[in-house]
Amino acid sequence: MTREPILKIVDVVKKFGEVMAVDHCSIDFERGSITGLIGPNGAGKTTLFNLITGVLQPDSGNIFFKGGDITGKRPYEIARRGVGRTYQLIRIFPKMTLLENLIVVGKGKGEKAVERAMDLLRLIKLIGKKEEYASDLSFGQQKLLSLAQVLMLDAELILLDEPAAGINPTLQNELMDLIHQLNRDGKTFIIVEHDMNVIMGHCQNAVALNYGQKIAEGPCSEIQKNELLLEHYFGR
Amino acid sequence: MASFIEILIRGLMLGSVYALVGMGLTLVWGVVGIVNIAHGEFVMLGAYFAFWAFSLIHFNPFLSILISIPVFFFAGMLIHRRITERLIKEHELSALILTFGMSILIWNLAQFFWTNTYRSVPYLTGNFPILGLVFAKSKTVSFGLAVGITAALFFFLKYSKWGKAIRATSQNSEVALVCGINTMKMRMLTFGMGIALAGAAGAIVSLQWVIFPQMGGSYVSKAFAIVVLGGLGNIQGALAGGLIIGILEAVVTQYLSAKVAQIIPSVTILVILLLRPTGLFKK
Amino acid sequence: MKKKIPIWLGTVALMVFLAMIPFFASDYWITLLVLIFIFAVYASGWNLFSGLTGYTNFGLAWFIGVSGYVSSLLIADYNLPWVFAWPVGAVFISIVSIGVGYILLRIRGVYFAISMVALAEGTRELFGTEYLSPITHGGKGVPFVAGIQLSTLYWAILFIAFISLLVCYKIASSKFGLRLVAIREDEQAAETLGIHATRDKILAFILSAFFVGLAGAIHFTYQNYIDPSFAFSIHLTLTPIVMALFGGVGTVFGPFIGATLFTLIHEVLWAELTILYMAIFGGILMALILFFPQGLLGWMKEKGILPRIRKI
């Protein structure tokens with residue numbers, strides 16, 4: 001019983017002037033998977049995220065989400081279809097309270113949105129700070145908040161840009177536990193990470209990019225064995 | 001009926017001075033990051049500077065123009081150090097309103113102290129014949145001065161250490177930040193340069209046009225159009241933009257009317273921001 | 001729940017008091033209040049868009065001038081009663097601002113501010129040229145009489161001011177208002193979280209245009225005169241912004257309080273220091289930005305004198 005991949009990237013190209021940020025990439029992401037997206041700086045990972053979420057438009061190629069063509073659609077449309085993302089440099093709304101940060105994302109009216117927001121705040125264990133400004137949170141707490149925003153969106157596909165960076169191991173574990181819990185509930189994840197331990201420890205599959213091209217793809221166990229590949233391309 | 005060549009040259013002469021003002025604004029806006037609505041007021045002050053020097057102590061206007069450069073440079077540095085530096089990290093509305101307030105303060109004080117009477121510096125009268133066409137001496141010499149100052153500016157930007165730092169910052173302020181160039185000192189110096197250009201332009205203008213307290217207004221709107229045309233922070237672009245605005249003004253004034261020519265800056269800004277927001281010229 | 005009632009009780013009591021003014025106050029006070037209310041709606045209308053979304057509208061005079069001209073010309077040249085002319089002016093500018101907003105709101109930051117100034121300045125020059133003369137009477141002013149009593153005009157603008165306060169309050173406490181703030185905080189992040197920024201911005205822009213346009217129509221009827229240099233003057237853009245700053249940008253009551261304070265101070269200063277008035281005004285502006293950018297209400301919220309909620 002074959003199921004459509006939740007996200008299909010088909011021969012996508014993105015140039016910035018002379019530079020090929022994404023060079024004829026084709027990748028499939030299976031529903032319910034946790035895939036790591038790895039590669040050196042400038043490999044095109046964040047650009048790919050920007051292309052998927054509609055922040056950038058591909059020069060050629062198509063992107064399909066749940067079977068529908070989302071190429072060139074506006075970011076808010078794509079988000080409403082169920083694609084959520086977080087940013088490498090955290091982008092929550094600093095001068096809004098935690099509660100407001102979530103309510104503003106929620107679909108639907110009044111009370112239901114508030115309840116859902118409260119539930120999510122309890123999930124990330126920040127319910128006590130609901131009336132505080134988001135700018136007053138610590139770095140790690142802000143990361144949790146931005147994840148909560150994505151959940152508020154009811155996103156089925158969640159793109160995380162370096163979720164583990166800059167936070168202490170305890171919080172990292174909490175975060176990864178949360179991701180696994182959500183994954184068991186059916187959510188698909190694509191995670192950009194430089195920390196190989198995180199990738200190997202938590203992802204089922206991985207895709208490696210370099211200079212905008214996909215150079216390897218497959219289960220993490222195989223990628224791990226392919227040390228030679230990694231060394232050659234990432235120069236470790 | 002004026003020939004097209006004559007109109008073109010007229011436009012270039014106008015534009016050369018506008019370019020000075022525009023380059024000053026693009027330095028302050030693009031490199032320092034302050035949108036200075038009071039920029040035109042410094043042109044006005046430059047003009048009055050030359051006027052008072054001439055009428056009170058018979059100071060040669062050419063010397064006034066020369067001296068206006070360091071005078072306004074230091075004034076600009078002081079203003080930045082004490083006032084505008086504080087707004088560097090703030091929302092842009094703050095700089096807009098602050099400089100707006102400064103603009104109102106300056107021209108109203110000018111009006112209070114010096115009255116609305118039209119002034120002038122009748123130092124160069126008469127005409128030059130050039131290639132069979134006739135141009136006012138004051139305008140021709142002004143053109144030459146503007147060209148000279150522009151050349152000096154470009155020389156400075158290209159060869160001096162500080163000029164290179166400015167170019168680096170205007171091209172990629174993030175990289176410049178990392179390299180430690182974008183410091184308060186640098187901003188202060190650049191702001192000073194921008195104001196100096198405005199003041200010098202004003203001193204030059206005193207030779208050709210009437211001087212009055214509200215004259216800054218038309219210069220600042222043209223300066224904004226020039227910065228938008230040339231691209232923010234792009235000094236060569238501002239030079240080209242200044243000449244373009246000057247030529248447009250000359251052409252429209254000749255073939256339509258001076259009143260219609262007043263619309264040029266506004267239309268330019270809207271058209272460029274809609275069609276090519278980064279400006280006509282690449283860095 | 002208990003806290004809500006005093007605010008609204010106070011406001012309603014104030015409204016009743018204000019409504020009685022024409023019965024016992026002199027014309028001087030009535031005209032002063034008329035101007036306060038007009039500028040309060042200007043300030044509040046500006047704040048509704050710029051205070052929330054962070055897109056600095058430096059071309060408020062454009063709304064005022066266009067609506068003012070439509071309304072005034074309808075009264076002057078077509079004898080339309082003011083009760084129709086005013087709404088027509090307001091609706092006209094609202095509709096035009098849909099198109100303008102759609103085009104100009106793609107431009108961000110300072111550039112947006114500048115393009116709005118360019119729009120206002122350009123329209124002013126345009127109205128002064130010979131090309132639009134048949135409609136606009138060239139650059140010459142249009143004196144006209146609308147056949148309305150001062151007290152009626154007073155009640156009209158008082159009513160409009162109250163409605164605009166109500167609308168601002170509603171929006172500030174709504175999800176729409178929250179989305180506008182999110183757009184100010186980080187427009188791209190807001191978009192990737194499903195917020196249709198363009199639609200929300202344009203909606204706020206139109207609402208702003210409507211109220212400001214309505215007050216503008218009333219303003220020129222009050223003056224019995226309209227001409228391009230005043231109708232589109234930078235003064236009409238700047239004063240409401242300063243009032244909003246005084247009271248607190250982004251707050252609900254701020255613009256109203258700012259308009260009141262500012263006009264009262266203006267009356268005093270103007271009487272005492274006519275000649276240097278503008279220079280002092282410029283200085284006050286600078287001081288405001290340097291030392292008091294959050295305005296009165298913002299300061300009170302920071303100090304805890306007022307609760308830090310959006311509804312106020």
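Guide: Let's start inside chain B, where B:Glu41, B:Met44 and B:Tyr48 of H2(B) meet B:Ser103, B:Ile106, B:Trp107, B:Ala110 and B:Trp114 of H4(B). Contact here means C-beta atoms, placed from the backbone, within 7 Å. Helices (H or I, at least four residues) and strands (E, at least two) are DSSP runs numbered from the N terminus. This is a predicted model: local features need pLDDT of at least 70, side-chain atom pairs count only at pLDDT 80 or more, and totals for chains, interfaces and linings use all residues. Residues are numbered from 1 along each chain as its sequence is written, while chains are lettered from A and ligands numbered from 1 in the order in which they are written.

Visitor: How do the residues of the contact of H2(B) with H4(B) divide by class?

Guide: Ala, Val, Leu, Ile, Met, Phe, Trp, Tyr, Cys and Pro count as nonpolar, Asp, Glu, Lys and Arg as charged, and the others, Gly among them, as polar. On that scheme the contact of H2(B) with H4(B) has six nonpolar, one polar and one charged.

Visitor: Are H2(B) and H4(B) roughly parallel or antiparallel?

Guide: H2(B) spans residues 39–57 and H4(B) residues 92–114, with axes 9 Å apart at an angle of about 25°. Axes are lines fitted to C-alpha atoms, for helices over the stretch in contact, and angles run from 0 to 180 degrees between N-to-C directions. Angles under 35 degrees count as roughly parallel, over 145 as roughly antiparallel, 65 to 115 as roughly perpendicular and the rest as oblique. So H2(B) and H4(B) are roughly parallel.

Visitor: And how are H1(B) and H8(B) oriented?

Guide: H1(B), residues 4–32, and H8(B), residues 184–208, have axes that come within 8 Å and cross at roughly 165°. That makes the pair roughly antiparallel.

Visitor: What is the handedness of the crossing of H1(B) and H8(B)?

Guide: A crossing is left-handed if the near helix is turned anticlockwise from the far one by less than a right angle, and right-handed if clockwise. H2(B) passes H4(B) in a left-handed crossing. For H1(B) and H8(B), the crossing is left-handed.

Visitor: Which element gives the largest share of the side of chain C that touches chain B?

Guide: That contact takes 32 residues from chain C and 29 residues from chain B. Elements giving two or more residues on the chain C side are H5 (109–128), H12 (234–247) and H14 (277–291). With 13 residues, the largest share comes from H5(C).

Visitor: Which element gives the most to the side of chain C that touches chain A?

Guide: Here the contact takes 16 residues from chain C and 18 residues from chain A. Helices H8 (175–185) and H9 (187–192) of chain C each give two or more residues. Giving six residues, the top contributor is H8(C).

Visitor: What radius of gyration does chain A have?

Guide: Chain A comes to nine helices and 10 strands. The radius is taken over C-alpha atoms, and the globule rule is 2.2 Å times the number of residues to the power 0.38. With 236 residues, a compact globule would be near 18 Å, which agrees with chain A at 18 Å.

How values were computed. Contact = placed C-beta atoms within 7 Å.
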